[in-house]
Amino acid sequence: MDHSDIIIVGTGHGGAHAAIALRQNGHEGSITMIGRERDAPYERPPLSKEYLAREKPFERIHIRPPAFWADKNIDLRLGHPVVEMDALRKVVTLGDDSQMSYRKLVWATGGDARRLSCPGDDLDGVFTVRNRADADRIMASLDAGAQTAVIIGGGYVGLEAAAVLRKLGRAVTVIETQPRLLARVAGEDLSAFYHDEHRAHGVDLRLATNIESIAGEDGQVTGVVLAGGEIITADLVIVGIGIIPSVGPLIAAGASGANGVDVDELCRTTLEDVYAIGDCAAHASDFADGAVIRVESVQNANDMATTTARSIMGDKQPYRAFPWFWSNQYDLKLQTAGLSIGYDETIVRGDPAERKFSVIYLKEGRIIALDCVNNTRDYVQGRKLIEAHAVPDRAALADTDIMLKSLL
Ligand code: FAD
């Protein structure tokens with residue numbers, strides 16, 4: 001049986017950065033990254049943005065140039081899922097039944113796109129957007145002449161895809177079960193702003209709307225049937241309704257976790273010498289008053305990777321990295337600082353009509369998060385207020401003549 005001092009399962013953002021951080025922190029032993037995708041590590045955010053829009057070719061979204069991994073003596077085993085693990089023997093089994101033993105293991109498998117469960121959900125032309133193959137399939141469908149698109153799910157991924165498809169001149173309908181867009185991740189002010197933007201760009205938005213089935217002909221999607229019977233014509237359907245953490249083998253091996261896998265502040269699971277990072281890892285977050293949450297962001301995956309690498313190298317610094325996120329839609333650059341979970345008040349700073357403003361989230365007067373649209377200055381200064389647990393004057397927060405940094 002092959003042995004690797006450290007095995008990293010998953011070759012996405014977290015896995016790649018764990019390997020990079022291990023080498024940066026002086027690890028000289030063997031590192032093997034096992035990933036079920038065939039491509040060397042690449043960035044996922046462009047899949048619903050520049051890559052889908054064909055503004056960036058695949059070569060430009062590699063996390064590191066493909067030669068980097070061999071240069072750093074990091075063994076990439078691509079195209080192989082880990083299907084089983086034995087935490088006592090410290091052995092993983094791959095899809096081809098081969099096995100490999102480890103001293104330390106880092107589980108960085110992200111999640112699988114959640115699928116619809118309704119009649120017709122498996123028709124050709126029904127896509128998700130989680131990996132390169134998904135985006136390639138959507139692009140092929142556009143090349144084949146798809147003109148009408150229905151996007152199911154009004155979260156960031158769905159709205160980014162909607163913006164790209166409108167830019168490409170396709171007719172787009174977005175269907176969302178909640179009464180507003182971005183309901184899971186943002187407050188009402190931001191939802192209302194993006195609602196107006198997508199409407200202004202010609203997107204047909206259907207809120208508080210449920211789906212009955214996907215209609216098709218000869219195995220190919222032709223439309224989406226709404227509860228109530230209305231049919232929306234579609235040559236392609238993109239389902240953007242979140243992910244299910246890919247933790248099956250880890251949980252089967254005995255790791256604890258109900259929503260993903262539980263980790264402590266050093267990213268350790270309940271299994272000895274097994275760490276978990278990124279989208280699949282549930283941790284108690286200082287930025288959510290200690291609530292156990294999974295954070296789905298590049299920042300979280302990369303910073304957990306750093307915590308884990310350091311911890312493996314004996315430098316045990318708890319995971320307390322500042323959360324940030326971004327989303328690009330049309331010419332709008334959203335930057336989010338902090339986590340808005342549990343907010344009880346919002347303040348809009350600036351005029352959304354000018355397409356440059358911020359939404360500030362407060363909890364008992366304390367500033368906990370900002371959503372900044374085309375407003376990097378507020379983002380940079382606002383994050384310092386969050387870090388300082390500032391309780392600024394509300395009128396001052398709303399006054400754009402007053403710089404946020406002066407409220408520290
Ligand atoms: P991933 O990057 O998903 O990597 C996990 C890897 O593990 C995958 O390659 C997967 O195939 C593999 N894997 C899974 N199971 C197994 C197994 N059993 N064996 C082997 N390999 C396995 N975040 C932002 O901060 N900003 C954005 O603008 C943004 N936009 C996004 C747009 C899209 C379309 C998507 C899908 C995500 C976006 N995200 C964004 C989220 C961000 O990409 C994720 O939070 C990040 O990729 C998480 O990193 P990860 O390493 O946990 O998982």
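This is a predicted model: local features need pLDDT of at least 70, side-chain atom pairs count only at pLDDT 80 or more; totals for chains, interfaces and linings use all residues.
View 1. Is Ile231 buried or exposed? With a relative accessibility of 55%, Ile231 counts as exposed, because the cut-off for that word is over 50%. Once its neighbours within four places in sequence are set aside, Ile231 is in contact with Val224 and Val225. Look also for Ile241: it lies ten residues from Ile231 along the chain, and the C-alpha atoms of the two are separated by 20 Å.

**View 2. The whole protein, for orientation.** Before the next close-ups, step back for a moment. The protein has nine helices and 25 strands. Its radius of gyration is 22 Å, close to the 22 Å that the globule rule gives for 408 residues, so the protein is as compact as a globular protein of that length. Along the principal axes, the C-alpha trace spans about 65 × 60 × 35 Å. Of the 408 residues, 54% count as buried.

**View 3. The largest nonpolar core and Ile8 within it.** In soluble globular proteins, nonpolar side chains tend to be buried together. Here the largest nonpolar core holds 47 residues. Which residues have the most contacts inside this core? They are Ile8, Trp69, Met85, Val92, Leu105 and Trp107. Helix 1, covering residues 13–24, gives the most to the core, with six residues. A second, separate core of 44 residues includes Ile138, Leu159, Phe357 and Ala369. Zoom in on Ile8 and, leaving out residues up to four places away in sequence, you will find that it touches Gly15, Ala18, Ala19 and Leu22, along with Ile31, Thr32, Met33, Ile34 and Val106.

**View 4. Helix 1 crossing helix 7.** Two packed helices are described by the angle between their axes and the distance between the axes. For helix 1 and helix 7 (residues 298–312), the axes come within 8 Å and cross at roughly 35°. The crossing of helix 1 past helix 7 is right-handed. On the helix 1 side, the residues that meet helix 7 are His13, Gly14, His17, Ala18, Ala21 and Leu22. Their partners in helix 7 are Val298, Ala301, Asn302, Ala305, Thr306, Ala309 and Ile312. How many nonpolar, polar and charged residues does this contact have? There are eight nonpolar residues, five polar ones and no charged ones.

**View 5. Two loop residues with a positive phi.** Most residues other than glycine have a negative phi. Asn73 is not a glycine, yet it has a positive phi of about 60°. You can find Asn73 in the loop between helix 2 (67–71) and strand 3 (74–78). Asn73 is exposed, and its relative accessible area is 57%. Now turn to Asp218, which has a positive phi of about 50° and is not a glycine either. Where is Asp218? Asp218 belongs to the loop between strand 12 (211–217) and strand 13 (220–226). With a relative accessible area of 80%, Asp218 is exposed.

**View 6. Ser327, a buried strand residue.** Ser327 is part of strand 21, residues 324–329. Its relative accessibility is 0%, so Ser327 counts as buried. Which residues does Ser327 touch, not counting residues up to four places away in sequence? They are Lys49, Tyr156, Glu160, Leu332, Lys333 and Leu334. Ser327 and Tyr156 are 171 residues apart in sequence but 6.8 Å apart in space, C-alpha to C-alpha.

**View 7. Tyr194, a buried helix residue.** Tyr194 is found in helix 5, which covers residues 188–200. At 0% relative accessibility, Tyr194 counts as buried. Apart from its neighbours within four places in sequence, Tyr194 is in contact with Leu181, Leu182, Gln329, Leu332, Leu334 and Val373. For a sense of distance, find Ser48: its C-alpha atom and that of Tyr194 are separated by 16 Å, and the two residues are 146 residues apart along the chain.

View 8. Thr128 lies in strand 8, made of residues 126–128. Is Thr128 buried or exposed? Its relative accessibility is 6%, so Thr128 counts as buried. Not counting residues up to four places away in sequence, Thr128 touches Ala113, Arg114, Arg115, Asp134, Ile138 and Val239.

Technical notes. Residues are numbered from 1 along each chain as its sequence is written. Side-chain values use heavy atoms; hydrogens and water are left out. A nonpolar core is a set of buried Ala, Val, Leu, Ile, Met, Phe, Trp, Tyr and Cys residues joined through side-chain atoms within 4.5 Å. Buried means under 20% relative accessible area, exposed over 50%, partly exposed in between (1.4 Å probe, protein chains only). Helices (H or I, at least four residues) and strands (E, at least two) are DSSP runs, numbered from the N terminus. Contact means heavy atoms within 4.5 Å. Axes are lines fitted to C-alpha atoms, for helices over the stretch in contact, and angles run from 0 to 180 degrees between N-to-C directions. A crossing is left-handed if the near helix is turned anticlockwise from the far one by less than a right angle, and right-handed if clockwise. Ala, Val, Leu, Ile, Met, Phe, Trp, Tyr, Cys and Pro count as nonpolar, Asp, Glu, Lys and Arg as charged, and the others, Gly among them, as polar. The radius of gyration is taken over C-alpha atoms; the globule rule is 2.2 Å times the number of residues to the power 0.38.
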